[in-house]
Amino acid sequence: MNTPTAIPAESKVHHYDDFTIGQEFVAEFELTPERYRDVIRILAYTAPVAVDSEAARASGHEQAVMPPAYAAAYQFVAAVPGVLLPPGGVYAKQELRMQGPCYVGDTLTTRTTVHAKYEKRGRLYVVMDSQTTRNVGSPVIWGRRTRIWPS
Amino acid sequence: MAVTADTTTNESEAETVIEGTSREITQDLMVEYTDTLGFRNPIHYSGDFAGKSEYGGPIASGPFALALVDDLLLRHFPRSWLTSGALSVAYLAPVRPGATITGRVEVTGLAKSAPGSRVQLAVSCVTGEGTVVMAGTASVDVL
């Protein structure tokens with residue numbers, strides 16, 4: 001299993017008030033064989049195109065695909081170096097639009113923008129939009145996540 | 001109308017409701033998942049921290065439920081899900097360690113689209129006790 005990513009010395013906990021609409025974050029991560037194996041096992045993927053390279057090639061893919069939900073997980077602002085999150089936040093809503101497959105060996109770049117932030121029934125919400133692209137230039141996934149932010 | 005891999009069909013034996021296998025979400029899995037992301041949120045593993053929260057104890061990350069539906073759609077639309085799939089879900093209830101959850105996809109309609117047709121789907125994830133922990137809609141192009 002992967003060890004958690006090292007935290008840069010200048011890391012800062014981002015509270016609700018630290019976000020502004022339009023603020024942008026960029027993260028880059030590599031789809032390593034270890035990450036692929038972990039996600040297939042931990043999230044229990046069984047779809048042939050995700051676990052069997054031959055089945056994936058028969059469906060027109062280069063090799064077994066990285067599951068979209070996992071690529072989306074790296075769209076979270078917590079994947080941005082230097083950004084720490086206060087403990088206790090959880091997902092409220094999530095939208096995803098798949099744009100193309102990605103594979104082990106790819107390096108993905110995710111550009112995340114703060115779309116909205118608001119308070120509702122005593123809870124704080126931050127809405128972020130993310131676009132993830134492969135290093136070869138093709139788009140992988142667009143996502144919008146609404147997260148309950150700890151106060 | 002029903003759906004088989006990347007195509008539509010009117011055959012009555014084809015599936016209109018696709019239910020995945022059930023799986024237990026253990027505390028160990030919850031910790032391992034946060035480790036793969038490099039973000040250890042104590043709401044997912046710390047009895048002390050999560051016990052004092054509004055959830056009353058550790059809860060699983062949303063992607064555990066999302067992945068069960070994602071896997072079903074990837075299985076049934078191995079080409080088109082990755083290029084044209086769209087998913088919108090709300091997380092409605094917490095998943096506790098030891099809970100068994102099951103992903104479910106139901107065909108709700110078919111609309112014309114540029115490559116042929118676009119299948120409309122209702123998606124959900126339910127615990128063994130019948131609590132809907134995640135629900136929403138999805139759509140995907142088919143030939």
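This is a tour of a predicted two-chain model, stop by stop.

Residues are numbered from 1 along each chain as its sequence is written, and chains are lettered from A and ligands numbered from 1 in the order in which they are written. Because the model is predicted, local features need pLDDT of at least 70 and side-chain atom pairs count only at pLDDT 80 or more, while totals for chains, interfaces and linings use all residues.

**Confidence in chain A.** The chain averages 88, and 94% of the residues score at least 70. Helix 2 of chain A has the highest confidence, at 95, and helix 4 of chain A the lowest, at a mean of 77. Helices (H or I, at least four residues) and strands (E, at least two) are DSSP runs, numbered from the N terminus. Next select residues 1-7 of chain A, where pLDDT stays under 50. Where pLDDT is low, the predicted coordinates should not be read in detail.

**The annotated range.** Select residues 29-140 of chain A, which UniProt lists in an unreviewed entry as "domain: FAS1-like dehydratase". UniProt positions are given in the numbering used here, feature names are shortened, and annotations may be inferred rather than shown by experiment. The range is 23% helix and 37% strand, with its end C-alpha atoms 13 Å apart.

**The contact between the chains.** Select the residues of each chain in contact with the other (C-beta atoms, placed from the backbone, within 7 Å). The contact takes 40 residues from chain A and 38 residues from chain B. On the side of chain A, two or more residues each come from helix 1 (33-42), helix 2 (48-51), helix 4 (68-73) and strand 4 (90-98). Strand 4 of chain A gives the largest share, nine residues.

**Across the strands.** Two strands pair if DSSP finds at least two bridges between them. E95(A) has S88(B) as its bridge partner, and L96(A) stands opposite L87(B). A residue is buried if 20 or more other C-beta atoms lie within 10 Å of its own, exposed if 12 or fewer, and partly exposed in between, with C-beta atoms placed from the backbone. Strand 5 of chain B is also joined by six bridges to strand 8 (residues 132-142) of chain B, again antiparallel. There, A90(B) has A135(B) as its bridge partner.

**Helix 1 of chain A.** Select Y36(A), V39(A), I40(A) and I42(A), which are buried. Their cover includes helix 2 and helix 4 of chain A, together with helix 1 (27-37) of chain B. Just after helix 1 of chain A, A44(A) takes a positive phi of about 60 degrees.

**The nonpolar core.** Which residues touch the most other members of the largest nonpolar core? Among its 77 residues, they are A71(A), A65(B), L73(B), V95(B) and I101(B). Such a core is a set of buried Ala, Val, Leu, Ile, Met, Phe, Trp, Tyr and Cys residues joined through C-beta atoms within 7 Å. Helix 3 (residues 63-76) of chain B gives the largest share of this core, nine residues. Finish at A71(A): leaving aside neighbours within four places in sequence, its contacts include M66(A), C102(A) and L108(A).

Note on methods
Two residues are in contact if their C-beta atoms, placed from the backbone, lie within 7 Å. pLDDT is the predictor's confidence in each residue, from 0 to 100.
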